[in-house]
Amino acid sequence: MSELDRAAGIRLTVRGALAFVLASTLVGSVLQALLGVAALTGAAFVAGCVAAASLVNRRDLLSLVVSPPLVFFVTTMFIEAVRSLFSATPVQAFGLGMYTALSQGAPWLFGGSFLVLVIAWRRGLTRCVRDLREELRAARASVPRPRSGGDGGDGGTAFAPEPEGYFEPKVYGTPREGR
């Protein structure tokens, strides 16, 4: 088996993919702080998103597509919380840092989220959405619905009693004698 075949077989769960995006964004932020290059955090986030969308299991694509904004926010919040600890006014530094970091990171966030969506779409996101719809329809079919049409005199809806035993209390144990 060649190295290319092994690399093609690597698949991540959605948890692993999100952890990868989180770790790559944190590494990019540390490199940005050390090297002073402003775009490293965003570029690391986008690279992590592309890698995660390419390596995640196909059944987990739907969960991955909605998660990059949350990962970006959590990473930004963690980084700004650490930065604000060493400030004279931590609350003010945290608020201003969050505002600044999210404002500067918005294009990277939108770009990473868009790339995840495009890659997931090409890998079969529509099938994941179709499967979810089928599961929801199947779950909805098993829920008892009130019967319609009848002689209830209320315009077509008849009384639909609850299933037997629905409101009956459960009794555990045995009753005590002699009380």
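Q: Which residues does Phe94 touch, not counting residues up to four places away in sequence?
A: In this predicted model, Phe94 touches Met77, Glu80, Ala81 and Ser84. Phe94 itself sits in helix α6, which covers residues 90–123.

Q: Why is Phe94 called partly exposed?
A: Its relative accessible area is 26%. Buried would need under 20% and exposed would need over 50%, so at 26% Phe94 lands in between and counts as partly exposed.

Q: What makes Thr41 buried or exposed?
A: Look at its relative accessibility, which is 15%. The cut-off for buried is under 20%, so Thr41 counts as buried. You'll find Thr41 in helix α3, residues 40–55. Leaving aside neighbours within four places in sequence, Thr41 is in contact with Thr25, Gly28, Ser29 and Gln32.

Q: Why are the rings of Phe45 and Phe72 called edge-to-face?
A: The count comes to 1 aromatic pair. The ring centres of Phe45 and Phe72 are 5.0 Å apart and the planes are at 65°.

Q: How do you know whether Phe45 and Phe72 are buried or exposed?
A: Check each value against the under 20% cut-off for buried. Phe45 has 0% relative accessibility, so Phe45 counts as buried. Phe72 comes in at 4%, so Phe72 counts as buried too.

Q: Which residues have the most contacts inside the largest nonpolar core?
A: They are Val21, Phe45, Leu61, Leu64 and Val116, in a core of 20 residues. Helix α3 gives the most to this core, with 5 residues. As for Leu64, it touches Val14, Ala17, Leu18, Ala52, Ala53, Val56 and Val116, not counting residues up to four places away in sequence. There's a wider pattern here: in soluble globular proteins, nonpolar side chains tend to be buried together.

Q: How many disulfides are there?
A: The count is 0. A disulfide would need a pair of cysteine sulfur atoms within 2.5 Å.

Conventions
Residues are numbered from 1 along each chain as its sequence is written. This is a predicted model: local features need pLDDT of at least 70, side-chain atom pairs count only at pLDDT 80 or more; totals for chains, interfaces and linings use all residues. Side-chain values use heavy atoms; hydrogens and water are left out. Helices (H or I, at least four residues) and strands (E, at least two) are DSSP runs, numbered from the N terminus. Buried means under 20% relative accessible area, exposed over 50%, partly exposed in between (1.4 Å probe, protein chains only). Contact means heavy atoms within 4.5 Å. Rings of Phe, Tyr and Trp (its six-membered ring) pair if their centres lie within 6.5 Å; planes under 30 degrees apart count as stacked, over 60 as edge-to-face and the rest as tilted. A nonpolar core is a set of buried Ala, Val, Leu, Ile, Met, Phe, Trp, Tyr and Cys residues joined through side-chain atoms within 4.5 Å.
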